[in-house]
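The paragraphs below lead through the structure one region at a time.

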Amino acid sequence: MQNEAIAKACCADLYQSDMAKLIMGDSLHPGGLGLTNKLGRLMGLQAGNLVADLASAQGTSAQALSRVFHCSVLGVEFGAAAVRSACNAAPEGSTAHFVQGDAESLPMRSAVFDAAVCECSMSLFINKAQAVAEVARLLRPGGKFGLSDVTIEPGSLPADLEGELGQVLCMTDALTADGYVALLEEGGFTITERLDASGEIAKILDEVEGKLAAFLALQNMSSSTSGVSTSTTSIESQLEQAPGLVTKVRKMVRAGDLGYWLFVGEKRP
Ligand SMILES: C[S@@+](CC[C@H](N)C(=O)[O-])C[C@H]1O[C@@H](n2cnc3c(N)ncnc32)[C@H](O)[C@@H]1O
């Protein structure tokens with residue numbers, strides 16, 4: 001149990017890191033807020049709904065859902081620093097609120113929420129069935145669960161993507177699309193929507209390639225103008241290897257081994 005708590009804290013630290021911000025920006029999932037709003041539409045979110053956002057990070061999606069669908073959103077996030085940023089960034093009068101908590105043991109009352117979302121995070125949860133059981137507990141019967149996440153075919157992850165980078169990209173413990181469907185169905189949900197959004201990963205890769213090229217060019221310029229080869233920090237050395245890794249990830253997407261899917265489940269009575 002103590003090891004699990006350490007693993008969750010490390011995971012939260014990773015998503016609050018400069019590397020995660022550099023790779024993903026503010027919205028920490030493929031497709032950004034466009035895909036968040038699409039998920040909200042597929043779920044049929046209505047004005048006045050009470051919505052939970054599991055693993056809400058800095059609150060970007062929760063704020064968007066509250067604004068676009070006129071919902072009240074409660075974001076739950078393991079990382080305390082991310083929760084502080086989300087609270088500080090909330091505009092005056094916002095109907096999105098944030099608490100620190102574990103998606104596998106949600107600090108909310110049962111059967112009071114109309115809907116829940118979980119974007120690009122189920123893949124990271126250590127006990128996925130427990131997180132789904134928690135969502136089922138807090139939703140009223142007929143409540144909607146919108147899940148979007150990375151999908152991966154078993155055995156397709158290259159060895160050099162198994163470490164931190166694979167984790168920051170939500171790849172190491174992701175399921176197949178059928179795996180998420182089975183997880184939701186076994187957790188008491190009937191699947192009402194299932195949508196392939198894997199094209200969004202290719203767009204992220206284009207952006208990441210552009211950012212990496214700019215970063216590496218700047219790095220070369222500063223070491224050639226100073227004439228001194230500065231010692232390489234761990235983040236810089238990881239970034240130097242990144243273009244090769246981006247090519248590998250692109251190949252996986254093309255081969256259908258890596259994807260990003262949206263699912264909506266309705267809680268069975
Ligand atoms: C890839 S980010 C996605 C964040 C956000 N849902 C989004 O799409 O922008 C994953 C987030 O899950 C959080 N997380 C991981 N395990 C968690 C847990 N057991 N409970 C709550 N949050 C968790 C991490 O701290 C991180 O903020």
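In this predicted model, helix α6 (128-138) has as its buried residues Lys128, Ala131, Val132, Glu134, Val135, Ala136 and Leu138. These buried residues pack against β1 (50-54), β4 (113-119), β5, α8 and β7. The protein chain as a whole has 10 helices and seven strands. Of its 269 residues, 40% are buried. Among the contacts with a separation of 6 or more, 75% are between residues 24 or more positions apart.

β4 and β5 are paired in the parallel sense, with six bridges between them, and Ala116 has Phe145 in β5 as its bridge partner. How many of the residues of β5 are buried? The number is 11 of 14, so β5 is largely enclosed by the rest of the structure. β5 also runs antiparallel to β7, to which nine bridges join it. One of the residue pairs involved is Thr151 with its bridge partner Gly259 in β7.

β7 is also paired with β6, in the antiparallel sense and over seven bridges. Here Ile191 has Gly265 in β7 as its bridge partner. Nine of the 10 residues of β7 are buried, so this strand too is largely enclosed by the rest of the structure. In a regular strand, side chains alternate between the two faces of the sheet.

Helix α8 (residues 177-186) has the buried residues Ala177, Tyr180 and Leu184. Viewed down the helix axis, the buried residues of α8 fall within an arc of 65 degrees, so they line one face of the helix. What do they pack against? Their partners are α6 (128-138), β5 (139-152), β6 (189-196) and β7 (258-267). The face of α8 turned away from the buried side carries Asp178 and Glu186, which are exposed. After α8 comes Gly188, with a positive phi near 100 degrees.

In α5 (residues 80-89), Ala82, Val83 and Ala86 are buried. They cover an arc of only 100 degrees around the axis, and therefore lie on the same side of α5. Ala80 and Asn88, on the other side of α5, are exposed.

The largest nonpolar core has 66 residues, and those touching the most other members are Val51, Ala52, Leu54, Ala116, Val135 and Met171. Val135 is also one of the buried residues of α6, and Ala116 is the bridge partner of Phe145 in β5. Apart from neighbours within four places in sequence, Val51 is in contact with Leu45, Leu65, Cys71, Ser72, Val73, Phe113, Asp114, Ala115, Ala116 and Val117.

The ligand is the next stop. Which residues come nearest to it? Of the 26 residues around the ligand, these are Ala12, Leu28, His29, Ala55 and Phe78. Two or more residues of the shell are given by each of α1 (2-15), α4 (60-69) and β2 (72-77). The largest share, four residues, comes from α1. By residue type the shell divides into 14 nonpolar, seven polar and five charged residues.

Ala55 lies in the loop between β1 and α4. Is Ala55 buried or exposed? With 28 other C-beta atoms within 10 Å, Ala55 is buried, since the cut-off for that class is 20 or more. Most residues other than glycine have a negative phi. Ala55, however, has a positive phi, near 65 degrees. Ala57 is found in the loop between β1 and α4 as well, and has a positive phi near 50 degrees. Ala57 counts as buried, with 29 C-beta neighbours inside 10 Å.

Beyond its neighbours within four places in sequence, Ser27 is in contact with Gly32, Leu33, Thr60 and Ser61. Ser27 and Gly59 are 32 residues apart along the chain, and 8.8 Å separates their C-alpha atoms.

Methods
Residues are numbered from 1 along each chain as its sequence is written. This is a predicted model: local features need pLDDT of at least 70, side-chain atom pairs count only at pLDDT 80 or more; totals for chains, interfaces and linings use all residues. A residue is near a molecule or strand if its C-beta atom, placed from the backbone, lies within 6 Å of it. Ala, Val, Leu, Ile, Met, Phe, Trp, Tyr, Cys and Pro count as nonpolar, Asp, Glu, Lys and Arg as charged, and the others, Gly among them, as polar. A nonpolar core is a set of buried Ala, Val, Leu, Ile, Met, Phe, Trp, Tyr and Cys residues joined through C-beta atoms within 7 Å. A residue is buried if 20 or more other C-beta atoms lie within 10 Å of its own, exposed if 12 or fewer, and partly exposed in between; C-beta atoms are placed from the backbone. Two residues are in contact if their C-beta atoms, placed from the backbone, lie within 7 Å. The arc is that of the directions from the helix axis to the C-beta atoms. Two strands pair if DSSP finds at least two bridges between them.
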